2 protein chains.
Amino acid sequence: MQKRYLVTPGPTPVPPEVWRAMSGPMVHHRGPDFQEVLGRVLARLPAVFQTENDILFFASSGTGAMEAAVANLCSPGDRVLVASAGYFGERWAAIASAYRLEVEHLRYRWGELLQPDEVGERLDAAGDTRAVYVTHSETSTGVVNDVQAIAEQVAGRDGLLVVDAVSSLGAVPLETDAWGIDVVVSGSQKALMTPPGLALCSVSARAWELSTAALSPRYALDWGRAKSLAQTPAVTLVQGLDAAVDLLLARGLRAHHEHHLRLGRAARAGAKAMGLELFSPDDDRSAVVTAIRVPEGIDGVAVVRAMRDRSGVTAAGGQGELKGRIVRIGHIGYVDVWDVVAALAALELALVAAGAEVERGIATAAALDAFNEAVHA
Amino acid sequence: MQKRYLVTPGPTPVPPEVWRAMSGPMVHHRGPDFQEVLGRVLARLPAVFQTENDILFFASSGTGAMEAAVANLCSPGDRVLVASAGYFGERWAAIASAYRLEVEHLRYRWGELLQPDEVGERLDAAGDTRAVYVTHSETSTGVVNDVQAIAEQVAGRDGLLVVDAVSSLGAVPLETDAWGIDVVVSGSQKALMTPPGLALCSVSARAWELSTAALSPRYALDWGRAKSLAQTPAVTLVQGLDAAVDLLLARGLRAHHEHHLRLGRAARAGAKAMGLELFSPDDDRSAVVTAIRVPEGIDGVAVVRAMRDRSGVTAAGGQGELKGRIVRIGHIGYVDVWDVVAALAALELALVAAGAEVERGIATAAALDAFNEAVHA
């Protein structure tokens, strides 16, 4: 009977309208009922991706669509550049290695920002590069990279730009066409407010052209098969996404971005007010997930567990090398400031119980004040 | 306001208990709420697969799990045997070719039965074969192959046996361990009564061993990653499958099989009573989908459309070379004889309207009589 609050950076809370859209009855994927839903969501997703490129669906996790962006563009031995600074950036390198590509890996420490000029320099040094793979929002660290500046570096040089926007699409500005991004990969379960199992991908004309020559084996993840809906799609998740995109566009993409920016401010202000150190950068770009350092001597895994067990608040801990060292509060999708307030209060309680010295009782007010400040003050 | 009846061979109707299990709120896939569901369904799936082998989940269509069974077992240049007699059998060959395997293709005409002894002979002739890929229930034709006899041929010869049981698992007997099947692939959206987007696969110890040496590139579909749940699973679909397996095992696997057998009898009896010719074999093995020939001069595509538009009954037409030539009535999963009766009556109406000469008004009684006959009479 404990009420639950979900503030992980994915899966994220799903709005009731989306649950209702996914509540049946089952329809056949080739029939007119589903085709209507599919047509509607495909007609509106370009406004979310800010692109006129094709948008493809995959019945897969976001990782599947990342893999597709490797397999459909590259042949074994092709050189690619991966710029990474965390768990998901390194996933690009792991996928590229699995496909036996020659991986130039511009690897930053977890929590750092990708440096766009160094991407350009590395491309010049490497020469003859098929594609550049980067992460927009690095969910493992809370860092949102300056993809626009990276795109400027890639433009005019060799290679297509592929962006993992799994946790960023819908949450923070991403101008696919204006910035010149060839491939944008995303997933249903983050800012798009739909359960996991549906991945999306936008593909430029140039990327389509390259894909026809790419020799990496693929079948279910083949872009051409995805475009022609050759396999049974994840019908209920597409229905859910249709309802979610409806909600998102009814609010407006910019308003949705602004909401996330203010949630990020609230989370950071609250954490700082109780005397905690931020792990993710303390600026308005950090609008997806707020990573907070756990005080010295405190076990972050136990803190996350206590938040859930005592308070019903499911936050995320650290992944990989950050395990036990940070707590991550996600604020993407169907999240309002009161969820952030609950998460901060539960974090405070858990830290106090673990013996940490934190300033009590002021985080939530600080968060609300930060949320309510005018954005363009 | 038209009431709908879904009698396609997938997606199939989803029971209300399954919809409720998938109705939220969203939970985190690493948290205890989901781990409980996952543990429960993984503990009960062996009874459905009739195996003690590992069972893996994929956020994918059934095709993705088929692809995984190629990529995880084979290296480029490996010889494999594909025995096919329809759309989905040929998909094995297409996937194997995409992975640059040397494909021995024992290809039967669509609608034929795979001949187990010819599988053995072809294996002897080919020599040194990594794996044999066959289809249990060929959804495109309604044929259910004798996988037990095929397994006997493969046993003692070279190569593992991989079975596409996407539409058969749960509907007709499949004794994974007793028959010695290394890999069984299935999907959520057929006899397992759950929406599409979740695929399953059982993997024998021998198959695991081979997979460590297989050089085909894979990442999201890697068996090892699937076993360790390295990617975000399709949370809601796993919750739904848990409820569906509960229903299935509450009825009992054998009773579920018998129910399907009787539904197949009903569909065939009804079709024959109105004077139609069966395309799928007229025997008790045809318990998944009944394929019925459309009378000469009648357009099967228009018949399927009329069934839906006039009567609200969504059946399936023919795929590939059978397009326009057959109507397929699926009777797997959450289907009772009254759905079959409705489908037959709607088919009769559509055929009469199209000018076909059919015997009117007796199909449904014939179907009910056949359904109600004792199974082991």
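1. Interface area. In this predicted model, chain A and chain B bury about 3,800 Å² between them, with 64% of that area on carbon and sulfur atoms. A:Trp19, A:Met26 and A:Tyr219 account for 18% of the area that chain A buries against chain B, more than any other three residues. In terms of contacts, 51 residues of chain A meet 51 residues of chain B.

2. Four salt bridges are counted between chain A and chain B. A salt bridge joins the side chains of A:Asp33 and B:Arg308, at 3.2 Å from N to O.

3. Origin of the chain A surface. On the side of chain A that touches chain B, at least two residues each come from α2 (32-49), α3 (62-71), α4 (87-98) and α10 (235-251). The most is given by α4(A), with four residues. By class, the residues on this side of chain A are 26 nonpolar, 17 polar and eight charged.

4. A sheet in chain A. Three strands of chain A make an open, antiparallel sheet in the order β11-β14-β13. β11 (289-293) and β13 (316-317) are at the edges with a single partner strand each, so one side of each has no neighbour in the sheet. Five bridges link β11(A) to β14 (residues 326-330) of chain A in the antiparallel sense; A:Val289 has A:Gly330 in β14(A) as its bridge partner.

5. Helix across the sheet. Helix α12 (residues 300-311) of chain A lies across β13 and β14 of chain A, and runs at about 40 degrees to β14(A).

Conventions
Residues are numbered from 1 along each chain as its sequence is written. Chains are lettered from A and ligands numbered from 1 in the order in which they are written. This is a predicted model: local features need pLDDT of at least 70, side-chain atom pairs count only at pLDDT 80 or more; totals for chains, interfaces and linings use all residues. Side-chain values use heavy atoms; hydrogens and water are left out. Contact means heavy atoms within 4.5 Å. Buried area is the accessible area (1.4 Å probe) that two parts lose on being put together, summed over both. Ala, Val, Leu, Ile, Met, Phe, Trp, Tyr, Cys and Pro count as nonpolar, Asp, Glu, Lys and Arg as charged, and the others, Gly among them, as polar. Two strands pair if DSSP finds at least two bridges between them. Axes are lines fitted to C-alpha atoms, for helices over the stretch in contact, and angles run from 0 to 180 degrees between N-to-C directions.
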